[in-house]
Amino acid sequence: MNLKAIQKICYGVYIISSKMDGKVNGQIANTAFQITSDPPTLAVSINKQNLTHKYIASSRVFTVSILSRFAPMTLIGKFGFKSGRDIDKFADTGHRMGTTGAPVVLENTVGYLECEVLSATDVGTHTVFIGKVVDCDVLGDAEPMTYAYYHTVKGGKSPKTAPTYVQEDSRPAGPVDTGKYVCNACGWVYDPAEGVPQIGIAPGTRFEDLPETFTCPICNAAKNEFSKV
């Protein structure tokens with residue numbers, strides 16, 4: 001069975017946020033979709049290991065901030081590969097508190113929806129929360145980011161807690177030195193043939209020649225947290 005077929009289903013890329021006991025948290029998710037139009041309802045699938053799951057289950061509210069395709073990988077890395085147990089993701093992220101009391105991301109987003117939970121279905125590793133939309137608005141005219149764009153254009157990876165995560169083998173087929181290094185934290189692969197032009201690293205730059213201050217453009221892992229492919 002080729003599970004990569006599941007990745008052919010179209011998704012968006014969103015920041016799902018919630019609140020609990022005066023604190024807020026958010027995470028990247030791709031499984032958010034409309035259920036009904038009258039009343040408008042949405043469903044989101046959240047891994048039980050994630051802090052956001054705990055917040056939604058407690059407060060019974062969540063927000064869906066729709067990312068623009070121009071959203072930087074650093075924003076996605078912060079919300080997708082960092083835990084709210086370790087950092088305050090909203091400390092330096094443009095946002096406001098919505099009518100539900102949960103945060104709405106204003107930075108690099110094209111719209112948002114606020115929901116009150118109507119039901120929750122246990123599906124094993126995840127819970128599917130169905131929420132009634134109580135507020136929403138359009139924030140910009142840019143194209144929303146799709147999951148395909150995130151993977152093929154931005155070179156993004158799926159967190160292991162994502163419902164669409166599929167284990168990938170990044171090892172070469174034979175004993176060929178590709179010069180590639182993989183981030184042990186998120187799975188992003190540095191390819192010297194491509195470099196990372198968006199942060200000033202030109203194609204042809206060997207990993208060994210990167211400055212010691214280099215960090216993964218997705219999750220900010222340090223250079224010494226990479227392994228040779």
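1. M1, L3, I6 and I9 make up a nonpolar patch on the surface, and together they have about 470 Å² of accessible area. Patches are built from residues with over 30% relative accessible area and no salt bridge, nonpolar side chains (Val, Leu, Ile, Met, Phe, Trp, Tyr) being joined within 5 Å and like charges within 9 Å. A salt bridge is a side-chain nitrogen of Lys or Arg within 4 Å of a carboxyl oxygen of Asp or Glu; accessible areas come from the Shrake-Rupley method with a 1.4 Å probe, and for residues only the protein chains shown count as cover. I6 is partly exposed because its relative accessibility is 41%, the class between buried (under 20% relative accessible area) and exposed (over 50%), with a 1.4 Å probe and protein chains only.

2. Basis of the model. The model is predicted: local features need pLDDT of at least 70, side-chain atom pairs count only at pLDDT 80 or more, and totals for chains, interfaces and linings use all residues. Residues are numbered from 1 along each chain as its sequence is written, and side-chain values use heavy atoms, with hydrogens and water left out.

3. Helices (H or I, at least four residues) and strands (E, at least two) are DSSP runs, numbered from the N terminus. In α1, the buried residues are L51, T52, H53, Y55 and I56. Their cover includes β1, β2, β4, β5, β8 (109-122) and β9 (126-138). R60 follows α1 and has a positive phi, near 65 degrees, in a residue other than glycine. R60 sits in the loop between α1 (51-59) and β5, and it counts as partly exposed because its relative accessibility is 35%.

4. Helix α2. This helix is largely enclosed by the rest of the structure, because eight of its nine residues are buried. These are M73, L75, I76, G77, K78, F79, G80 and F81. The cover over them includes β1, β2 (23-29), β5 (61-67) and α3 (147-152). A lysine in α2, K78, deserves attention: K78 counts as buried because its relative accessibility is 14%. Apart from neighbours within four places in sequence, K78 is in contact (heavy atoms within 4.5 Å) with I87, K89, D92, T93 and I218.

5. Aromatic pairs. The whole structure holds 11 aromatic pairs. Rings of Phe, Tyr and Trp (its six-membered ring) pair if their centres lie within 6.5 Å; planes under 30 degrees apart count as stacked, over 60 as edge-to-face and the rest as tilted. F79 and F90 are an edge-to-face pair, with 5.3 Å from centre to centre and 75 degrees between the planes. This pair links distant parts of the chain, 11 residues apart: F79 is in helix α2 (residues 73-81), and F90 is in the loop between α2 and β6 (95-97). F79 and F90 are both buried. Y181 and F207 are stacked, because their ring centres are 4.0 Å apart and their planes stand at 10 degrees. Here, too, distant parts of the chain are linked: Y181 is in strand β10 (residues 181-183) and F207 in the loop between β11 and β12, 26 residues apart. Y181 and F207 are both buried. One aromatic cluster is formed by Y181, W188, Y190, F207, F214 and F226.

6. The loop between β11 and β12. Where does K223 lie? K223 is placed in the loop between β11 (189-190) and β12 (226-228). K223 counts as buried because its relative accessible area is 9%. Its side chain reaches the backbone oxygen of F207 at 3.3 Å. Leaving out neighbours within four places in sequence, K223 contacts F207, E208, L210, P211, E212 and F214. N220 lies in the loop between β11 and β12 and has a positive phi of about 70 degrees, although it is not a glycine. N220 counts as partly exposed because its relative accessible area is 37%.

7. A cis peptide bond. D38 and P39 are joined by a cis peptide bond, with omega about 0 degrees. P39 is in the loop between β3 (32-37) and β4 (40-47).

Definitions and conventions: A polar contact is a pair of N or O atoms within 3.5 Å; within protein, one must be able to donate a hydrogen and the other to accept it, and residues adjacent in sequence count only if both atoms are side-chain atoms.
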